[in-house]
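Me: I'd like to learn how to read charged pairs and nonpolar cores in a model like this one. Can we go through it together?

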Amino acid sequence: MSELIVIFQKLNEFLDHALVWEQIEEIYEAQRTKNTITTAPNETEESSVQLMNLPLIQKTLANDQIGFLLLDLCTTIRSLRTDPCESYDNTYDCWDQLIKAVPRDSYLAFVYAIGGLLQVSPMKQAHIKISLLVVDVYFLSLTIPGAKGYHIFHEDIITHCLQVFAHIERIQNPEFRLQLQASHQQIVSLWLQFSTLCDDLKLVLRYVHLSDHQGTRNAILRKLIDIQYLNHEKGYANAYAVNLHQKCFEIFEEMINAHNGEPEQTLLKLMNMTVFLHTYPSRPKSQNGNCNTADNECEHISDWFIKCIGKYARLLVKVLNFYIECIVTNPVKSWKGDQVQKALEYAAKYDANLFTKCNESCVQFLCEAIYADEVMIRSRAIDLIAKILQTESKVDWQMFRHEVSNTPREVLLIKELIDSLQDQNNNIKLKAVQALNLVLTRGSPIAQQILNECVKFTTFFDENVHLPDEPRVGKNEIRFEKPNGQQPQYTFEGHGIVESCISKMPSHIFEYLYQSPMSYIRRAGIMFMEQLVKLNPLLIFNTNFVTETAKLIEEPTALVRKQTLLSLDAILESYPNCYPVIFVWCKIIAPMLHDNDPKNTELAMECFRSRVLLNIKGIDQSNRPEHFMPWVIIRTMLSTQSRFYLQNCFHLALHQRMLSPQIIGIIESHLLTSNSTEAWIVLNFISGKIKSKEPDILIHQFISLESVIILNWNKEQNMLIAIEVLASCIQDFSYTALNHAFNHILSHIKDGQMLPIIVGKAFDFLLLIDNRSQMTEKRKQPPTDTANKPWITDLHEHLEKAILEGISDFPDNRDTLMCHLYAFTEVNLQTRLRPNQTIISFIHKFITECAKLKESELHLDNERLFNSMILLAGRLSLRDSCVARTTCMLYAHILKLIDRPPIINTILVALSDLCKKHTQIVENITDRILCKLNSPYDVNRLETFKCFEKLVLQDQLKLRGSLLLCLLSTLLDVSKEISSRASDFFSEFLSKKNPTLFQKCLIECPFVFNEFKNFDGLDSFAEAHIKSPLKGESHQKSRQLLYEHFLKDMDDINMILYFGQLKLDIFYILKRVCQLAKEQKSSNDTQEEAEDMIDINEIVENEEGGGNSKAASKSAAKNPGIGRGRRKRETTMPEAMTVMEKSLIFIPTIYENLNQPIDPEVEKSFNGVCKALAKKFPNLMEYAQPPKFWKKYNCKVNTNPRKRKSRNRRENLNDDADEVDHNSSRDNSDESDFDSDESDGEPLITKRRCVDNSLNNANKVSDLPIEYIFNPNI
C-alpha cells in the first residue's frame, strides 16, 4: 500500500459520509443570495451559523491534526509529480485505488465545505489556514490519474475553490489587517501559502488538460489577472506580492500550452482579459517603497506578450496586431483620454517589437485608418503614428535580409502626418502638427534623421514671396545673409516619397494652421515653424514666413502672441542679425510692450534685454553678428513702428534697472560711428533719467557733428536729436561747457551757418542756457519775460539786417538766408517787435511764384524751399491778423492747384498753429482744406483728417455743416487706417463732446446727403447749401452703410421715435429699424425688460473694462451730459410705440403722393418697409388704417376697430402672454429673413471694400413734396 493511500485513509476519518457536495453548495448559495438581497445582519449570521454547525466542519476544526495531515498530503503529491520515477506507483497511486479509501462524494463535500470557510469567516486565522490547505490538496489531487474519470475534476468545485484568491485583496488593506489582529508572522505565512498555491496550480496545469474546460481555464485566468490588477492599482504591498505577481506570468506560460486549448485562442482570450491592464504604467509602484523589482524580467502583461514572441511568433503577430487595430478603431468606451493614450503607448511598444523580431508592422493599417470617416479613428491613428516615430525600432535579422524593405517605414508615416495638416477637422490638424514637432524634438534617431534631412535639403519656393527692403550694410557690419541651398545627400532610401510633401509643408502650415480659427492650432503651427526655420533658414527667404508671421500682430489670444514672440526670439538667437527676422520681431514686440497680459509685457522686455541691451558692445569689441544686431533692431523699430514703442522700451528698461552706466558709456562710444543716429536717439530717450559719467563730452560731440568727415552719417537728423539730448541734460553740464555751447551756437546763427532744420531747437537751447544762468540760490525760477533780454534784441536786429541785405543776393545765398529766416521767425516770436514788411512781402512773393510752377518743375530743392517758405509765412502770421489773412489766401490757392503730399502736409501743420490764434480766418478756407479729404493720395487724406481731428477735439473748430459731412464720409474711406481712425474719432467725440450726434445725423443726413434745399429744422447742417459727397444713385450703398453705422449703437427707443421724424432715404432706415428694434408687449413688461437690459448692458460694459470704443460711444449715447436748467424727461418705450402707431396713418398718404408712374426701385424700397413693419409689429398692423392698404402686406387687419376697446383686461393679458413665446422665437429668424434681400447687415468695416464694387441704384424720391415728409406733433 502506498503512502498516498495511507494518508487518504486517515483523511477519511474526518469525512461525513452522509453529505454530498451539492448539499453544501445549497447552503453557500443561500448565504450568497441573502448577502445580495438583504442587508439584515441577523439573516446573514443565521446562514453562517447553519454552515458552521455542520458536524463535518465542527469535527475538522476541533482536531488540530487535520492541518498536519493535509500538509503531508500536499507534500506527498508534490513529490510524486516532481520525482515520479522513484516514488510513483502506477498500481496504487491513482483514483481507482484511492476511491476505495476516500469516497468521492464525501471527499468533494469535505473540499467544498472546508474550502469555503475563508469566505464565511475571513477574520479567523485558523479558518483561513485550513481553507487554503484544503484548496491546495484538492488542486494537487487533480493531478492524480483518474481524476476526470472518477469525476473528482468538477468545474463548479474548482470555481468555488478559486474564491480563496479574493483574500489577497483583503490582506493588502491596512484596515483589514488591523481588524484581523494577526501578527506579522501570521501575515507572512498567509502570503507564503498563496505563493505555494500558485506553484501547485502551475503543477496542475502541467498535468491536467483544460482544452475541453474553457470555463475553468477562464476562471483561473481571471483570478490571476485580478491579482496583477490589484498590484497595478494599489502597488506592491511587500516583496511577497512581487513574488506572487511573477508567479502569475509563470502560470500564463503553462496555460498557453496546446493541451490547455488552442494557443491562439488562449492568447486572444488572455489579451481580451488583460486589455484594461494596458492603461497602467509598465511597473507597479510599491506601497512602502521597499520592494526591489529591478531583476524581474516581466512586470507588465505587455512584457510577457513580447517575451512570448520568440516561442509563438506567428500567433503573437495576429494577437498583437488584433490589439493594435482594436485600440485604434474601437477602444473601451469607458476609457478616458489618458487611458487611451496609455493603451496606444503599448500598441507602439508591440509594433516596435513585432517589427524588430518578425519584420511585421502596422504601418499599412495606419495609412488606411488615417483616412477613416470617423474622426476619432483618424485621431487615434495619428497618436499611434506619433508614438511609433518616437520609438526606436529596426529589423534584427541576420538572415533573409531580402525580405526587409530598404525604405524605412518612418518615411510613409511622416508623409501621412504632413498630409493630415490639410484635414478638415481641427483636432486632427492639431495632433498632426504636434506629432511632427515631437519627431523633430524627441523622435527616434531614424525618424529625426529622415525629417531633418528632408527639411534641410529642400529649397522651398513659395509664390508671391515679399521680403522687407533690407537697409544698407553698415561699415564693418556682420550680417546673416541668405544662404545657398545645400546639395542633397540623403542617407536613407525613399526620400522621393516625401519630397513633394515637404516642399508644400510651409504653405500648408500658413494656410491651415496660421489661419485657423482655433488659437491652440495657431500656437502649435508657430511652434512647429520655429523648428523648421532652425533647420533650414531658406524658409525665411523663400517662403511667406515673413508675411504670414507679421499678420500675427493682430492675434487676439494672449498665449498665441506669447508663443509668436518666443519663437521669433529663438529664431533670432539662431540667426543673429538676420534682417527679415528682425523686421518681424520688431513688428511683434512693439504691441507686446502694451499687452493686456502683464506676463506678455514682461516677456517682451526680457526679449528686448537679451537681444538688444546684452548684445551692445563697443565698436572695438564688435566682431560677431549679434554685436551689430542691437543697432539694426533700433533702426528697424524706428522705421516700422511709432517712436513711442522704442521710447517705452528704454523707459521700462530704466524702471526695471536693466540699463547701467556701463551700457550708457558703450552707447556714447557709438556717437561718432555709423550707428550715431541710433545712439543719439537712445540717449534722447534716457537723457535726464540716468546720468552719464562725463556729460560735458556730449556738448563736444554735438559741436563735432559739423565736421565734414561725418557728412554721410545723417548729419541733420543727428544734430536735431543731439540738441534735444543737450536740452534734457542741461542740469548735468558744467557752466564752462554751457558757456562754450552758448557762444558757439549764437555765432553760428548770426553767421547763417546753422542748419535751418535745427535752428528752432538751437534757439530753444539758448533760452534754456540763459534761464539757467539767471537761476541762483535765492532765485529758484528763471524770469518769464524774454523780450527784454539784450542778446535777444541784438540778435533780432542783426538777423533783420542780414535778411534785408541778403534778399538782393537770393538765391545764390539761399542756405545762409534760410538759416537767417528760420532764426528770425524764432526770435521774432519771443519779442513784441513787428516784422519788417519787406521780409513778409518777400516770403509771400516767393510762395506766389512757386505756386505758379508745374508739379514737374518742383524738384527736390525747389520743393524744400517752398515748404520752408510756407512754414515761415505761417510763423510770421501768428501775431498779425492782416498777415494771417493774406497767408491763408495763399494757402487756399496752393491747395486748389497742388496735391503733392509734402507741400499739403506743411500747409496743414501751419494752419493747425494759425487756427489757435486766428480761428475765424482759418474757418473761411475750411472748404478748400476739406477738398483734400478726396485726394487720391492716402497720406494727404490721412494728414487732413488728423488736422481736423485735432482742431475739433481741442474745440478750435465746431463739428457741424460741411466739416461734419466730410468727416462722416471718411468712415467709408478705402484706406483701412483712415476709416479706423475716423471710427475712433467719432467714438471719442460721442463720449466726450456730443452723445446725441448720430441721432441728429440720422434725422438730418438723408436731406443733406441728397442736397435738399429750403428745408427748415436742420441743426447740425444749418448752412444755406452744403455740397454732398454722397449724392446720387451711385452712392446709395455708401449712404446706407453710414445709416447702419448710426443705428448700430442706438437704443430701441430712439429708433422707434424715428417714425415720428420721417425723412428722405427713409425706406432703408425704417426697414433697418424694424429689423433691429424689438416689438413691445404690455407697458409693465416693457419697463421691466428695459430695466433688465440696462442692468445687463452695465455688466457687459464693466466686464469689457472700457476697452471697446464702440461700447464707450454706446454708453455715452445712453447717458446725456448735464446741461443747464431742468433735466429733460426721457422718453419711455410705450410712449415711443405710441408715436410710431400714430405715424402709421401717414404711410398710405405718402404712397398716394408719390409721382405716378412710381419708379420701380422706389416702389420696391417702399414695399420692403411695409413688409418689415407687418412682420415685426403685427399687433400694431392689426388695426392700421386703411385696412385695404395693409392687407396686401399679409397683415391680419381687424376691420372693426371698436372690438379692440371692448376687450376686457383679462383677455388682453392672455393674448399678450400667448404672443410672448411666438415673438421671442421669431426675433432671431426675422433679421435673417430681412437680410436675405440685401447684404446690408454686415459691419461697416467689412462692407467698406464692397462700396465701389457693388453699387445699387438710389431711390428716386426727389420729387416728393415736402409737406408729405412729416413730423407729427404728438
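Predicted model: local features only at pLDDT ≥ 70, side-chain atom pairs only at ≥ 80, totals over all residues.

Me: Okay, so is Lys247 buried or exposed?

Reply: Lys247 has a relative accessible area of 11%, so by that cut-off it counts as buried.

Me: Which residue does Lys247 pair with in a salt bridge?

Reply: The general idea is to look for a Lys or Arg side-chain nitrogen within 4 Å of an Asp or Glu carboxyl oxygen. Here Lys247 has Asp199 as a partner, with 2.8 Å between the closest N and O atoms. The pair ties together parts that are 48 residues apart in sequence, because Asp199 sits in helix 14 (residues 184–207) and Lys247 in helix 16 (residues 239–255). As for Asp199, its relative accessible area is 30%, so it's partly exposed.

Me: How many salt bridges are there in the structure?

Reply: There are 38. One of them joins Arg378 and Asp423, whose closest N and O atoms are 3.1 Å apart. Arg378 belongs to helix 22 (residues 375–389), while Asp423 is in the loop between helix 23 (409–419) and helix 24 (426–442), so this pair links parts 45 residues apart in sequence. Arg378 is buried at 11% relative accessibility, and Asp423 is buried at 15%. Salt bridges can also share partners: that's how Arg78, Asp136 and Asp200 end up in one network.

Me: What about Asp105: which residue is its salt-bridge partner?

Reply: That's Arg104, and the closest N and O atoms of the two are 2.6 Å apart. Asp105 is partly exposed at 33% relative accessibility, and Arg104 is partly exposed too, with a relative accessible area of 21%.

Me: Now the nonpolar side. Which residues touch the most other members of the largest nonpolar core?

Reply: For a core, you follow buried nonpolar residues from one side chain to the next. The largest one here has 360 residues, and Phe8, Tyr107, Tyr138, Phe139 and Trp304 touch the most other members. Helix 31 (residues 579–592) gives the most to this core, 11 residues.

Me: Let's zoom in. What is Phe139 in contact with, leaving aside its neighbours within four places in sequence?

Reply: Phe139 contacts Ile158, Cys161, Leu162, Leu197, Leu201 and Val204. There's also a second, separate core of 13 residues, with Cys1170, Met1181, Trp1190 and Tyr1193 among them.

How values were computed. Residues numbered from 1 in each chain as written. Heavy atoms only, no water. Buried < 20%, exposed > 50% of the residue type's maximum accessible area, 1.4 Å probe, protein only. Helix = DSSP H or I, 4+ residues; strand = E, 2+ residues; numbered from the N terminus. Core = buried A, V, L, I, M, F, W, Y, C linked by side-chain atoms within 4.5 Å. Contact = heavy atoms within 4.5 Å.
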